[in-house]
Structures are given as structure tokens and as C-alpha cells.
Amino acid sequence: MKKNEIGLSTLSYHLDDSVKINFAVSKDVNLINEIGSLLFTVNDPVEDKNFFFDLSHPIYDNNEHVRRTISELFIMSVSNNLGWSNSTTHALSGRNGTVKNKHTVMKRFGVWWATQKPNTKLSEWNMNDVKKLLQDILQLKVEWQHQVTQEHYKSKTEGVINRGAMETLIQELNRSEQLVFSGKIQDGLSFSISKKQEKKILQPILKNHNTNFEDWKQGNSHSAIPLPVAMLLLSDAIEVIRHKNTNFLIEYFQNQRSDNFYSPQSLFCRDTFQRYCNGKWDNEKGAVALNTSKAEGMLKIIKKHYGDTQNSFPLSGRELSDWCNKVYSAGLVILLVLTGARISELANMKPDDITCKLDGIWDFKSEIIKTNHGIATQRPVYGLAAEAVNTMNELSYIDKLNPDVDVDIFLFSKIYKYSVTASSFDFKKLSDGSSKVTLSYMLTQFYKAFLKRHPEVESICPSVSPHMFRHTFAEFALRRFDGNVHESIRRHFRHSHKSFMTNIYLSNKVDEAFTTAQEIMIRDIAEKMVEDARRHLNSEKNEPQFFGAALKAAIDLLDAKVISSEEELESVIEEFTEGFEKIVPHEYGYCMPRTKTISQSQCFDKVSKVAKLEDAGFSTCSSCVHSVQEINSHEASIVQIGLTHAHQMKSIEATTSFNLENNKQYQVSMNAVKNAERVLKRMNSDKIIASSKE
């Protein structure tokens, strides 16, 4: 281990003031890592093991500037811009697999830099330099390592790198721009690479390899579960947690946690309870005494859920356990889809991490070791997800939320398999919680049973993995107002979407899924609009399904083109798609700002020069040039918004004698009704909103 032989000012040169203060250590302290070095030790906090990374390469070993920049970038990349995990010893902490990917990307980047532009700084590069770098690396032209390792990074498309390695490189290049701007590293790009620029640079090369950009982006990564499959899977999971067996067991376990506890031995192992139900109980010598009031209470619960003709406990001990396991598996599916959480988070989730606020919203607090350095992160969970959590907590012989013991009880602890009371239970059995392997197995078994019920799905999606649900979560959040989304899921996301979008958790890996899902959605909606415009141009009798300025732009684009082949049509769709900056779905329409006209957005802030798309509401969006409505997805919601405000107007009229022109709420509602009527008229809707006073 080297000793620090250089002064403090050199060690802290490019890091912010808070980090400089922490670097005030003696020259005699043994440092684990050093800025400028290419040999690093990184501790994996999950495996509790050190891993060693050597970034050196003979091509740039004598290029001090390249070496130094790569060293600084690697440190900041491993720490997600936080600096040392221990400033006294210069320790670094990160998952081994993730750091290994960053390590290879840095070496690849360094070799190209030292070979192609050895005497330049990153700050001197322009977009053409970045374009050459990305295209060379995409085509595996950089001889940075032996051929066996090169093969590992090939995608399914012969001759190009996989999208994961490329995205990591672009992420690090953009990181350099952020870090040099904040003074944390010595050199970096003076600009960032946008998603559109990435596509423009890489797409021509990919076409030469007979693939399109979207297929390559999906690559070998965990793709999302197809939306129709995920909806059907969620529907089955919802059916399980709302099944009469589940409702019965919720009340059964509530009874078993109370003073009315009735021995499971008498229910499942002896015929005591059944003899009571049959009216054959007697006080034979040696017979176990029966608490008649408790047996009567149990039978009352049974008849409540299964009807007066039910005269026995409806499940055997094994059936009870199997059904509870099914409920927990269904709850796992619901949480994976509707929260975007990692399976490791769910495995370690404890009742102490779950708090129910007065407004009925549950906050999940969990440690995200992989991307948040073990810092506890809160995630609001609404609707279906909270229902699943509550059900899993209820199906337990002990109170998971308020245990009177000094032992962690985990959400997925299966305390329905033991015929015990809380006072006699060995809580130490629960101290390890559920493993990721156990939850993954539960998911696999639930999906296998799902495929048996829906065999037509197997050809579309033969298997699922926990990580696929993170991408599916992104698609649900974006498409929550589409007309084909299960109504329960629509309600869930209508209530919770904004909190999910702004949560710190989503600034990590799930952000990538949202970016990809958004690109796919823009393409999907744009393609539908072009087809809608074509039908309308070919025959005015064809009523359009989309409405707004964007449809007119599609019509104008088509009107100026002569399309005689599928390739030409594809080119038009591509051109139309690239014109959109992003997409923000609302229940009353899509916000689809065009890059050239985004400053014309009704929500555009003239001071900050930013369009505050996510903060806009119906009154703002309904009169915006970037608002797009699809009649099947948005008509009903627009009618409902109009009716709600019309009702509000009538309520104000009935309760006030003041001039309504001075009533702010009345004027807001009146404008909302007018906007709703205007949009419905534009949609040629036959729905009418009964307004109030003229």
C-alpha cells in the first residue's frame, strides 16, 4: 500500500470544498486509492469484499493528461459524483459488476483518445470528434483489449458493440461535462450528447449492419414485458388479492391475532372444530375442552364469506398455506410492476419501513445499496400497491406492523405456515428475511401458473425476470391514460404518477427505462398520427382519431410528399417522429411539444426559458398548440373534467350572492368548461356538457 507522498492541495485539487475539508489527513496515512493513479481498490458493500481494477494501458501510459482525466472520471463514476466513500483513506465503494463495466469503458475511451487525439484536451473537442469516437467504438474498431474480451461486448447484430457498453460511454462523456463545469475534475467535454444526437450519430452505421436503432437499443438487455401481457398478469394478481379466500383469510388471521385466538391444531390436526360444526361435541372423558364462544366466532367468520351452507373450515392446513403463498406471489407481481422497485429492496423491506400517512398514502423506505450507497430512500405507494402490502401484512399469525420484539420482521416473512401464537413464536427464525432467490422463485412459479391459464401468451413472453418489471413500470406510468389500460391500473397511476416521477429513486437506473419507454411511445403515437392523417387525406369520410396541431403537421408533411413505397412511408414517419421533443401523458391528452416550437408552449416560463410540461393542467394544456387528443383515450376524461367544473359552478351559484365575475374559483371553473366544450367540438364529439348560467 503506497503512502501519500504529495501535498493535500494536489490531492484535493479538483474536488469541491466539502471534500477538500475531509481530505485534511496526515502524510503518514496509508491511502487505499490516489487521484492520478490507475490502480484502484473498490469495496463491494453487498458481497463485503474488495475488488481490484487496473486502468493502465500501454497506449496511454505515457500520456499524463489522458491518465489523469481517466483516473478522475473513474473515481467520480464509481461514486456517482460523490467523491471518496471514506475521505480519510480514499476508499471507494460500488457493486463489482457495475464497476467492472465502467472500468472497461474507461480503457476503451482512453485508447481511442491517446490514439486519435493524443495532444488535445476533452474541452477542445467538438461534436465531430465525439461522432468519430462513438462510430469507431460502435464498429469495434478500437483495439483496446484481446479478442476474447471484445467478443463479450458484441451485440446480436454482427460487427457492432452492444448498446449497454455504448450507453455507459455516453453517460461518462456527459458526466465529464457536468463535473468539469462544477470544478470536480480537470478536463471534460464542453457540451453534452443528447438522445437525439446519439441516434443521429449511430443510426447510419446500424443501418449498414441491417438493423434499426430501436432494435439495437433493446439489444441483449432486460426488455419490458409486453404491455398486454403485463396487464393480463396484473389482472390475475389483482384477482388473487381480492378473491373471497383472501378476504376470508384476512379476517381469519385478524381473529387469530386477537384474544379470540382458536388453536390451529383443533382446526387442522384434530376433529374438534368439525365436531362442533356438526353439533356432535360432548364432554367425553379425556377429550380436549372446547371454548364454545371462540368456535362459534370462527364459524361465524366462515359463514360470512362462504354462506350459511358452509359448515366446515373451508381450507385444509396445506391449502391455507398454499393460498397465502399465492397471495404473496401476487403481491410481489403488483409491487414489481407498480413501484419499479428492485427485488432486493422488496426482500429487505420491513414494516418499520412502511408508514401510513393521514391521507392514506403509504411511504416505503428502503436501502438501495446498488445506486444510492445504502441511503434509505422513501417511495410513496398508492392504490393497488398499498392494497397488496396491506394484504400481505394481514396474512400473518403475528402483527408485523407493531411487533413487541426487538427483531426485524420483513414484509415477505411467511408467518402463515406456523400454528403458533405471538407469545410462543421463535422470532429469530425471521431475522434473515426473504432472499432474492426465494422471491425470484415465487415469481417464476406464479408466471408458470399464469401461462397455464393463458397459453396464448407463451409465444409472446415465455418467461419473465424481476428486472423486466422495472421497464414495464416505466411503460405503465407513461401509458396510464391509454384507453386500453386496465381501469384499476389507470386509477392507480392517475393518483400516483407525479410522485413517482419526481422521487429521488427514479433519478437512478429506472431513468433509463423511462427514457427508452418515452422514445418508444413518441414513435408509437407519431406513427398512429401519420396513419390517421393518411386515411383522412385519402378519404374525407374517414373521421380522424387524433386532434390537435400535431395532426395538422402530419397532414401537411404527407401532403408535401409522394409516397410510393413502404420505405418512403417509413422515412416520413421517422421525420415526423424526430420533430417531437418529448411526450407527457395526461388524462385529457398528450403533451407533445415540437422541438422548433417548444417556446410556444402555454407552460413556457419566460424567465427560466423552460417549458414546465409536468406542472401544466387542463386549463393550460387544452389551449396549447402542443396538445394532442385521441378520442378513444381522452374523450371520457375531458367530459368528466367539464362536468365536474360545471357542477362546481352550480354549487357556487347556489351559495353566493356576490358578483360571480369576482369569484376566482367560479371563473376558473367556467374557463375549464369552455375549454372542455371547445376541445370536444374539435373532436367532433357528440358528448354535451350541461353548463351553468350563460
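Predicted model: local features only at pLDDT ≥ 70, side-chain atom pairs only at ≥ 80, totals over all residues.
The largest nonpolar core has 70 residues. Within this core, the residues with the most contacts are L249, Y252, F273, F313 and F412. Helix 15, which spans residues 317–339, gives the most to this core, with 13 residues.

Which residues does F412 touch? Leaving aside residues up to four places away in sequence, F412 touches Y328, L332, L335, L346, M392, S434, L439 and M442.

## The whole protein

The protein has 27 helices and 12 strands. Of its 694 residues, 50% count as buried. Take the contacts between residues at least 6 apart in sequence: 66% of them join residues at least 24 apart.

In general, strands of a sheet pair through backbone hydrogen bonds, either parallel or antiparallel. Here is how each pair runs. Strand 1 (residues 39–44) pairs with strand 3 in the parallel sense, over 2 bridges. In this pair, N43 has S93 of strand 3 as its bridge partner. Strand 1 and strand 2 pair in the antiparallel sense, over 6 bridges. There, F40 stands opposite F53 in strand 2.

Another open sheet has 4 strands, in the order 7-12-9-8. Its pairing is antiparallel. Why is one side of strand 7 (546–547) and of strand 8 (584–586) left without a neighbour in the sheet? Strand 7 and strand 8 stand at the edges, each with a single partner strand, so one side of each has no neighbour there.

Strand 12 (residues 627–630) is joined to strand 7 by 2 bridges, and the two run antiparallel. F546 has E630 in strand 12 as its bridge partner. Strand 9 (residues 589–591) is also joined to strand 12 by 2 bridges, again antiparallel. C591 stands opposite S627 in strand 12. Now look at which way the residues of strand 12 point. S627 and Q629 point one way, while V628 and E630 point the other way. All four of these residues are buried.

## A packed pair of helices

Two packed helices are described by the angle between their axes and the distance between the axes. The pair here is helix 23 (residues 549–559) and helix 24 (residues 566–578). Their axes come within 11 Å and cross at roughly 145°. The crossing is right-handed.

Which residues make the contact? Helix 23 supplies A550, A553, A554, L557 and L558. Helix 24 supplies V572, E575 and F576. These residues divide into 7 nonpolar, no polar and 1 charged.

## A closer look at D399

Where is D399? D399 is in the loop between helix 18 (383–394) and helix 19 (436–453). Is D399 buried, exposed or partly exposed? D399 is partly exposed, because its relative accessible area is 35%, and partly exposed covers the range between the 20% limit for buried and the 50% limit for exposed.

How far apart are D399 and R257? In sequence, D399 and R257 are 142 residues apart. In space, they are 7.1 Å apart, C-alpha to C-alpha.

Conventions:
Residues numbered from 1 in each chain as written. Heavy atoms only, no water. Buried < 20%, exposed > 50% of the residue type's maximum accessible area, 1.4 Å probe, protein only. Axes fitted to C-alpha atoms, helices over the stretch in contact; angles between N-to-C directions. Left-handed = near helix turned anticlockwise from the far one by under 90°. Contact = heavy atoms within 4.5 Å. Nonpolar A, V, L, I, M, F, W, Y, C, P; charged D, E, K, R; others polar. Core = buried A, V, L, I, M, F, W, Y, C linked by side-chain atoms within 4.5 Å. Pairing = 2+ DSSP bridges.
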